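Reader: I'm new to this one. Can you walk me through it?
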Amino acid sequence: MPRQKRMASEDAPVNPRTKRLKRADADSPKLNDEAPADLDAERNAEENGDTVAHTISESIAEKLLSIEKQLSAEVQRITFQSVVRYIYNPLEYAFDPHAMYVRKYCNGPKKVIFLGINPGPWGMSQTGVPFGEVTMVRDWLKISGSVGTPPKEHPDRKITGFQCRRSEPSGRRLWGLFKKLCGSPENFFQNAYVHNYCPLAFLNDRACNVTPAELKGEGIQLLHRICDKALVDVVRLLNAEFIVGIGKYAETRAQLALKTRNLNVKVMYLPHPSPRAAGNTNWDEKAMQQLNELKLEKFFETVNI
């Protein structure tokens with residue numbers, strides 16, 4: 001992994017080498033309407049169908065990345081209250097693994113969107129994947145890629161990407177549950193997708209995580225408006241039927257975002273897997289029970305692909 005350039009000063013200029021989301025629309029593949037003349041009609045139809053399906057799946061992934069590119073650009077212009085001293089945006093500096101995650105697994109419509117809040121310091125902030133505990137992302141999801149650094153880092157919350165040795169308990173629990181239910185990532189992602197409401201991670205001067213629920217003022221109101229719109233765009237793109245808010249905040253934001261959009265989407269709740277949450281022992285068992293009560297277990301039966 002190439003050596004990363006770090007910025008120690010709060011007033012230092014933004015590192016021009018920080019990764020930016022790439023515009024993908026121009027690179028989207030085009031359909032080839034001409035079939036080889038020496039193939040019979042049945043083979044032509046089959047291959048054309050495969051081409052269309054492949055193009056559609058790539059188009060959905062690129063459109064999602066485009067939505068996130070716009071979201072990233074807009075939220076970075078927001079000024080937050082003084083308690084926020086550091087802002088990490090893994091859609092920028094960890095674009096490579098994030099884009100691999102989207103292109104590999106957001107390859108068609110999804111029945112269910114599992115909605116997280118925002119990146120954690122040892123999860124998506126390191127790997128670019130929602131709830132992205134390093135070992136689960138690397139070994140189960142098979143996601144990799146170069147990870148840069150944010151323009152301003154807290155010395156106690158350095159971004160080391162896939163070299164990070166700290167485990168993110170919430171991500172380990174969540175992806176571990178899906179692994180237990182589905183066996184393979186392909187089985188899980190046939191019907192579901194994991195997405196975050198907000199792309200930014202917030203830290204105070206002591207390197208403590210500041211959740212969006214803790215923020216006040218005009219900054220958080222603007223963040224809500226921007227993230228609400230992006231969430232609705234994602235729901236429409238994926239033609240989702242259910243949103244499962246992971247934690248009450250995510251559930252509430254999904255309900256408010258969809259309230260006036262006339263979308264036939266049911267919003268549900270799953271307890272957040274954080275071990276710090278009150279009464280959150282035996283989370284796996286509680287989550288399994290909740291999925292059964294919500295009648296979503298049918299989407300996660302192990303199938304052959």
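**Pocket and strands**

Author: This is a predicted model. Its largest pocket holds about 680 Å³ of space.

Reader: Which residues are closest to the centre of that pocket?

Author: S170, N209, H272, S274 and R276 are the closest to its centre, out of 26 residues that line the largest pocket.

Reader: How does the lining divide into nonpolar, polar and charged?

Author: The lining has 11 nonpolar, 10 polar and 5 charged residues.

Reader: New topic. How many helices and strands are in the chain?

Author: The protein chain has 10 helices and 7 strands.

Reader: Take strand β2. How many of its residues are buried?

Author: 5 of 5. Strand β2 covers residues 112–116 and is mostly covered.

Reader: Which way do the residues of β2 point?

Author: V112, F114 and G116 point one way, while I113 and L115 point the other way. All are buried. In a regular strand, side chains alternate between the two faces of the sheet.

Reader: And which sense does β2 use to pair with β3, parallel or antiparallel?

Author: Parallel, over 5 bridges; β3 is residues 192–196. V112 stands opposite A192 there.

Reader: What about β2 and β6?

Author: They also pair in the parallel sense, over 4 bridges, and β6 is residues 242–246. I113 has I243 as its bridge partner in β6.

Reader: Back to the whole chain. What share is buried?

Author: Of its 305 residues, 49% count as buried. The chain exposes about 15600 Å², with carbon and sulfur atoms supplying 48% of that.

Reader: What share of contacts comes from residues 24 or more positions apart?

Author: 80%, counting contacts with a separation of 6 or more.

Technical notes
Residues are numbered from 1 along each chain as its sequence is written. This is a predicted model: local features need pLDDT of at least 70, side-chain atom pairs count only at pLDDT 80 or more; totals for chains, interfaces and linings use all residues. Side-chain values use heavy atoms; hydrogens and water are left out. Buried means under 20% relative accessible area, exposed over 50%, partly exposed in between (1.4 Å probe, protein chains only). Helices (H or I, at least four residues) and strands (E, at least two) are DSSP runs, numbered from the N terminus. Two strands pair if DSSP finds at least two bridges between them. On a 1 Å grid over the protein atoms alone, a cavity is a set of points where a 1.4 Å probe fits but cannot get out, and a pocket is an open set with protein on both sides within 12 Å along at least five of seven lines; lining residues have an atom within 4 Å of a point. Grid points are joined across faces, edges and corners, and a volume is the space filled by probe spheres set on the points. Ala, Val, Leu, Ile, Met, Phe, Trp, Tyr, Cys and Pro count as nonpolar, Asp, Glu, Lys and Arg as charged, and the others, Gly among them, as polar. Contact means heavy atoms within 4.5 Å. Accessible areas come from the Shrake-Rupley method with a 1.4 Å probe; for residues, only the protein chains shown count as cover.
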